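Visitor: Please show me the model, and then I will ask about its parts.

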Amino acid sequence: MGRSVPGDGLQGGYSLRRVNVAIAVAEEARERIYEVAATCRALGLEHTSTLTDIGVLMGSVELDNLSTLRDVPGVVAVELEREFRITGIRARGD
Amino acid sequence: MTRARISLPAGRAGSGHTGRHLVLLKEGTGRAGAEILRNATGLRIAVSSDFDGSLRQTQLAPGHGMLFERLGAALLHSDPDQAQALANRTDAQTLLVEPERYVRASGLAVGPTATTVPLADTTLATWGLQATGILSSRYSGRGIRVAILDTGLDPQHPDFAGREIVSQSFVAGLPVDDGNGHGTFCAGVACGPEQPGQSPRYGIAFGADLYIAKVLDDNADGADGNVLAGIDWAVRNSCAVISISLGAPVALGDSYPHVYEQVAARALAAGSLLIAPAGNESQRPDTIAPVEHPANCPSIVVVSAVDQCLAVAPFSNGGLNPDGGEVNLAAPGIAIVSSAPRPTLYQTGSGTSMATPHVAGIAALLAEANPTARGAALKALLLQAFLELPAPTRDVGAGLVHAPQ
């Protein structure tokens, strides 16, 4: 379900497949969401946005580092980004 | 909580009951509930988190039960004696035993059952607005902020002239303008005008303030990053209602996404209610697909679609997965007329996408009628605003959404 980003492939025998992720920050850690983000960046997160009102960090990470991010204090969930589509079928314009 | 000793109704199919029984367990019972139920009834009890995808809740065999440990509830395919034995227990671990019903037995009394709603001709208003009691409602959603997260809006559409519209694009490089039509359609149903220029009335909350977030591009493609950014924006702008007519398929047995559930719960705590479609992957009567992501979060209201005869739409997904994957309400979702970007102006569409903004618009009417009810309180009110339908709860939830009068 995860959407891969440019940079997929192998280099030096290691997988460099990067995936887009959404990271939920724990309620009790929301006041220090920027510290949590800094820790995640140090662990390989390419951080693209911070959604402070809902306590979520967006970015991309090497697939192998996903579990590392899950262990960061203040992180409650890390999930691969999904793609969406609309749920309507337009029949015609009147 | 104390429990009165009760005598259970027969609970047989054909009397409005499915013949199965629902059991509510004490909070925190967890997996231990399986042993408690097994000892009390002699039934074989499965635990929902052990689902391997091969077992459907709706296919529960006689003599079996399923424990939904997260909910602290179980569904038992028991005979009346076994259920009565459970109801007679005097310990505090089982709080409630009741027959499972095809339609919900209680709700706000808002009128007759939906099957008796007369549908007048559609020269003045769409069938969907008539079936959901919009025309007789005294409310318009005045002062309520409604966010539509979709493909954008044509703000120059004549039916939206003069409306207060706040908009933001979360799609890189694209303005909020709707190059697809889906977003303009959904905004039209939720918040379209009381008196459109060249169409029967199709809009519900014509007094609401529109907050338009473009989270899908003009091909209707998007991803979590766009959608979460749109939710963040809508919460920051204190939108009481957030309508998101999009989804991604999930498999039978899948749990809800924890990031979205956190987000939806925080939105509720901040006073914003998320409403999302069940999805269109079913091909009834042969195949029923489970409620999609992100609607399958417990904190998000799930909407299925019905047709003009108030029958479940053949494409509408069903409540097959536990823990949030249940349908909450049904709404009109076939042959729906709404606005289209210029120069088309009006279009007809079908889908749970079309049903969802009916519920969002009615949520805005409820928010106006109940100024202190926001977030979880508004959700609770919305889930009581329905007319019963003669269809399984799996497909229509409580019933057909209905406007406050």
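**Core, helices and sheet**

Visitor: Which residues does B:Val146 touch, not counting residues up to four places away in sequence?
Guide: This is a predicted model, in which local features need pLDDT of at least 70 and side-chain atom pairs count only at pLDDT 80 or more, while totals for chains, interfaces and linings use all residues. Residues are numbered from 1 along each chain as its sequence is written, and chains are lettered from A and ligands numbered from 1 in the order in which they are written. Two residues are in contact if their C-beta atoms, placed from the backbone, lie within 7 Å. On that count B:Val146 touches B:Gly141, B:Ala190, B:Cys191, B:Ala205, B:Ala208, B:Leu210, B:Tyr211, B:Cys239, B:Val241, B:Ser243, B:Ala360 and B:Ala364.

Visitor: How many residues has the largest nonpolar core?
Guide: A nonpolar core is a set of buried Ala, Val, Leu, Ile, Met, Phe, Trp, Tyr and Cys residues joined through C-beta atoms within 7 Å. Buried means that 20 or more other C-beta atoms lie within 10 Å of a residue's own. A:Val56, B:Val146, B:Val241, B:Ile242 and B:Ala363 have the most contacts inside the largest core, and its residues number 122.

Visitor: Which helix gives the most to this core?
Guide: Helices are DSSP runs of H or I with at least four residues, and strands are runs of E with at least two, numbered from the N terminus. The top contributor gives ten residues, and it is H7(B).

Visitor: At what angle do the axes of H4 and H7 of chain B cross?
Guide: Axes are lines fitted to C-alpha atoms, for helices over the stretch in contact, and angles run from 0 to 180 degrees between N-to-C directions. H4 (residues 182-191) and H7 (residues 352-369) of chain B have axes that come within 7 Å, and the crossing angle is roughly 35°.

Visitor: In what order do the four strands of the open sheet in chain A lie?
Guide: Two strands pair if DSSP finds at least two bridges between them. The pairing in this sheet is antiparallel, and the order is S4-S5-S3-S6.

Visitor: Which strands are at the edges?
Guide: An edge strand here pairs on one side only. In chain A these are S4 (46-51) and S6 (75-80).

Visitor: Which residue in S5(A) stands opposite A:Thr50?
Guide: S4(A) and S5 (residues 56-62) of chain A run antiparallel and are joined by five bridges. Opposite A:Thr50 stands A:Leu57.

Methods
A residue is buried if 20 or more other C-beta atoms lie within 10 Å of its own, exposed if 12 or fewer, and partly exposed in between; C-beta atoms are placed from the backbone.
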